[in-house]
Amino acid sequence: MDFNLSKKHLLAQSLYRSFTENEVKPLAIEVDETEEFPRETVNKMAKCGLMGIPVPKEYGGQGCDVLSYIMCVEELAKECGTTSVILSAHTSLCIDPILTYGTKEQKLKYIPELASGRKLGAFALTEAGAGTDAQGQQTKAVLQGTQWILNGTKCFITNGKEADIYIVIAVTGIVEKRGTKKKEISAFIVEKGTPGFSFGTKERKMGINGSSTYELIFNDCCIPNENMLGAKGKGFGIAMHTLDGGRIGIAAQALGLAEGAFDHTVKYVKERMQFGRSIGQFQNTQFQLADMATKIEAAKLLVYKAAKAKENKDSYSVEAAMAKLYAAETAMEVTRKAVQLHGGYGYIKEYEVERMMRDAKITEIYEGTSEVQRMVIAGNVLK
Amino acid sequence: MNKMDLQEYRGVSIYAQQVDGQLSRISLELLGKARELADELETDVTAVLIGSNVKNLVQPLAQYGADKVIIIDNPILKDYRTEPYAHALASMIKTYHPEIMLVGATAIGRDLGPCVSARVATGLTADCTKLEIGDFPINPVAGKEQKHHQLLMTRPAFGGNTIATIACPNHRPQMATVRPGVMQAMKPIREAKAVVVEYDPVFVCNHKYVEILDIVKSVAETVDIMDAKILISGGRGVGGSDNFKILEELAAAIQGEVSCSRAVVDAGWKPKELQVGQTGKTVRPNVYFAIGISGAIQHVAGMEDSDIIIAINKDENAPIFDVADYGIVGDYKKIVPELTKQILNLKMAK
Amino acid sequence: MKIIVCVKQVPDTKGGVKFNPDGTLNRSGMLAIMNPDDKAGLEAALRLKDQYKAEVTVITMGLPKADEVLREALAMGADHGILVTDRVLGGADTWATSSTLAGAIKNLEYDLIITGRQAIDGDTAQVGPQISEHLNIPVISYAQNLRIEDKSVIVKRQFDDRYHVVKVQMPCLITALSELNQPRYMTPGGIFDAYDVELTVWKRENLKEVDDSNLGLKGSPTQIAKASDKVRKGAGEVVKLDVSDSVAYLMDKLTEKHIISL
């Protein structure tokens, strides 16, 4: 077992760090305040290959592993939660299911556009009445000739209005399993601009304010049959498996937020003088920092382990759930302590940790709340 | 080089940089330093003047300390080009054997110096801020000859984080490029005369002669405060956007730039690009004027590495005075305009 | 077209500086990066590659660990990397360094050599011009801009108060300012590929037409007499005077420090 990053990964890390330092950090406060999607940054990420890191070269990607992608999300999140989730949703929730379940034609049609960053991806599962409970799905797709007619509304969709390619989960019928009737769920690839596909409310949020979170409205939206992703009726499995991967991305985002807040705090406590010495010299500060550092390290090991599991295993639900649960809760705790150690300055927007604390909260919620992660983990423990 | 050869090298030479027939300031600064070194070595100072139609510059060189001026005057030398200039200076060295050769660390000298040093196969120390005569090794080392009367060249390295003193004990000449603005020109002696030697190194055009297609004299552009050598920085104590005029006038007079503290940006008096401090930029100019800046740690973190910090503040308890080299307790509105006026007067008088 | 870019791995000076007892730098104690001016030079070469399909070879002299900058250069798009490393080359000043690099370059074909103007550790700006001397080719230092025209390079050469546009015949050597361009980022795929290729490693015996007396610490005409950290200054002085005396005091200090001159 080797806990050291390879030279490849270290160099990739230095790339992500300098990209974040130069291109992401200077805009972080502005992105939060204006709530505007950082399109310029995404274009720059595309230019240096960050939009298709774990994608094989034959599909126009970078041909790197999951860990090197996860580390990119982590580094971006150290300075900007918004930018990191844009990458995570794009890669884990849109590219990954097409790569995993798509036909050769679908891959050739969509992956090069997505991996190059010419197009942005999104994933639409959640509805007003269906979050964790996927059986609550109301969005329906009905086959008419060679086309599926899609009707319904998805909500809280990351990259909502900014994406070009969407993975949309919809009910395609009712099936009977062991005497009970269940909704049959399928997945579709939907392109922006398809007639009948429009955007509803832009959500105003506590954090990750620049990520474009929208309602997607489908009103007799016609999807060609060849855009069904995976087999008919396999949509639930696709969604769950996709979320397993997505959770590693969110775990990396949470890890990055924690590390970013921690770095800002270490710098601050060395400089901030009270009672004639830096507050870093007080034992309370030291103990808090020790706990923060330890939890961050533990979270990192879980996140990297989950990334490795995704690389090497068919099923990585438990690893992903543990990583997300622990990293998200660490992010929340560390950012909260970071604000506290900053004192009054911590509550001021210019000092960054205020935003990080708001950004951190969502990591305990989206792509499965911490409670859902515990259900996944417990389910495995008791099976 | 063996000992005999080393002894053949005598005298202190400087490259008398001129541009468009005007002596560059650095030439006079080099003469000032060369004079000191030559006096200590009991030898003389030679200025090497390279250009086209530059004979009229002999007199000022004599007045500022040259005992001898070697002129290499040729139309081919009208504008600076590496090859003819390097050939000229290298040939001079091979002919006249100076023991010390000083060149300004200007955009010209930092091209000419290395080419010449390579051509005459000696060492070159870049961008020196201090030159003195001493022993090498500085302290005697068992089993190693301690050489006397060596040129000890001191220079900052690592972006100013360190200082190194360098010698060139076994090669001649001992060459250095010298940072402009550090050495002091001597008071000119009006009636001074120098021996003038016209020297022709013979120029033969070859593949290394480049063609100058255009020469564009630069107009000042807005500079990044991180690049500024002098910063006039204002804080909340400046009192208002309009009052920054006072700082801008000083900046213009002293060739500096205006920067500010966070309070000023927050008040909307100045844009964020000019902010110094933890949430702004980190600067390390030669001189940092902190005017009406209290000196919160967040500000100090961004400027404490400045070479010289001058603080002007009404509040004598302001923490800025803890980091300032020179602190003035007083009203900047009165002090700064008067300072600007005196600096301008001085410039006019020149 | 064949381009050689010389790069140096330098300690990131933001992190403070450490020395060995003999006065040479303790590079292992500091974070290592590609020298910024060199990176601009590499970017200039890569743009020529994009434009004219030039072949870009990156060469560095240093410890075995300096292969990192070559990997970085490859990850940005360079074609080949050559590491010149040998114990006998250690402790070199700019003369010995330029002799070494020139000795390595003599093995290669080239139309254009690009180096950074200066490295952030030494700040000397000497190695580039000195290499050109050893190779007997023209040099243009301080390039702010460059383009190719037939067998020549047109360079915007910066001076203190002007710039020259000069035309120089290839083969030639250009030293690049970081203002030359904004270097591209590596790509993740480029990084993975860079670690899959073999770098060329050259030792002393691979250097052409260079005498031992010009290499390493022993071949360095300049020697360090003393090196030290910058002395941190103590508390300064604070005066409380009337306006005219305050101004006189400041004029005095500014003159004394050569900020203004009488």
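This is a predicted model: local features need pLDDT of at least 70, side-chain atom pairs count only at pLDDT 80 or more; totals for chains, interfaces and linings use all residues.
In the interface of chain C and chain B, 73 residues of chain C are in contact with 84 residues of chain B. About 6800 Å² is buried between the two chains, and carbon and sulfur atoms account for 60% of this area. Four salt bridges are counted between chain C and chain B. One of the salt bridges joins the side chains of R119(B) and E133(C), with an N to O distance of 2.5 Å. Polar contacts between chain C and chain B amount to 27 residue pairs, with both residues of each pair at pLDDT 80 or more.

On the side of chain C that touches chain B, two or more residues come from each of the helices α3 (94-105), α4 (127-135) and α6 (243-256) of chain C, among other elements. The strands of chain C that contribute in this way are β7 (139-149), β8 (152-158), β9 (162-169), β12 (223-229) and β13 (237-239). The largest share is that of α6(C), which supplies nine residues. By residue class, the side of chain C that touches chain B comprises 36 nonpolar, 19 polar and 18 charged residues.

Strand pairing also links the two chains. Strand β18 of chain B, residues 326-329, pairs with β13(C) in the parallel sense, and three bridges are found between them. Within β13(C), V239(C) is the residue opposite I328(B).

Within chain B, strand β9 (residues 147-157) is largely enclosed by the rest of the structure, because nine of its eleven residues are buried. Strand β9(B) pairs with strand β8 of chain B, residues 130-136, in the antiparallel sense over six bridges. In this pairing, M153(B) in β9(B) stands opposite L131(B). Strand β9(B) is also joined to strand β10 of chain B, residues 162-167, by five bridges, and these two strands likewise run antiparallel. Here A157(B) is placed opposite T162(B) in β10(B).

The contact of chain B with chain A involves nine residues from chain B and seven residues from chain A. The area buried between chain B and chain A is about 710 Å², of which 39% lies on carbon and sulfur atoms. One salt bridge is found across this interface. The side chains of R262(B) and E350(A) form a salt bridge with an N to O distance of 2.6 Å. One residue pair in polar contact is found across the interface of chain B and chain A, with both residues at pLDDT 80 or more. On the side of chain B that touches chain A, α7 (262-266) and α8 (297-300) of chain B each provide at least two residues. This side of chain B is made up of two nonpolar, four polar and three charged residues.

Key. Residues are numbered from 1 along each chain as its sequence is written. Chains are lettered from A and ligands numbered from 1 in the order in which they are written. Side-chain values use heavy atoms; hydrogens and water are left out. Contact means heavy atoms within 4.5 Å. Buried area is the accessible area (1.4 Å probe) that two parts lose on being put together, summed over both. A polar contact is a pair of N or O atoms within 3.5 Å; within protein, one must be able to donate a hydrogen and the other to accept it, and residues adjacent in sequence count only if both atoms are side-chain atoms. Helices (H or I, at least four residues) and strands (E, at least two) are DSSP runs, numbered from the N terminus. Ala, Val, Leu, Ile, Met, Phe, Trp, Tyr, Cys and Pro count as nonpolar, Asp, Glu, Lys and Arg as charged, and the others, Gly among them, as polar. Two strands pair if DSSP finds at least two bridges between them. Buried means under 20% relative accessible area, exposed over 50%, partly exposed in between (1.4 Å probe, protein chains only).
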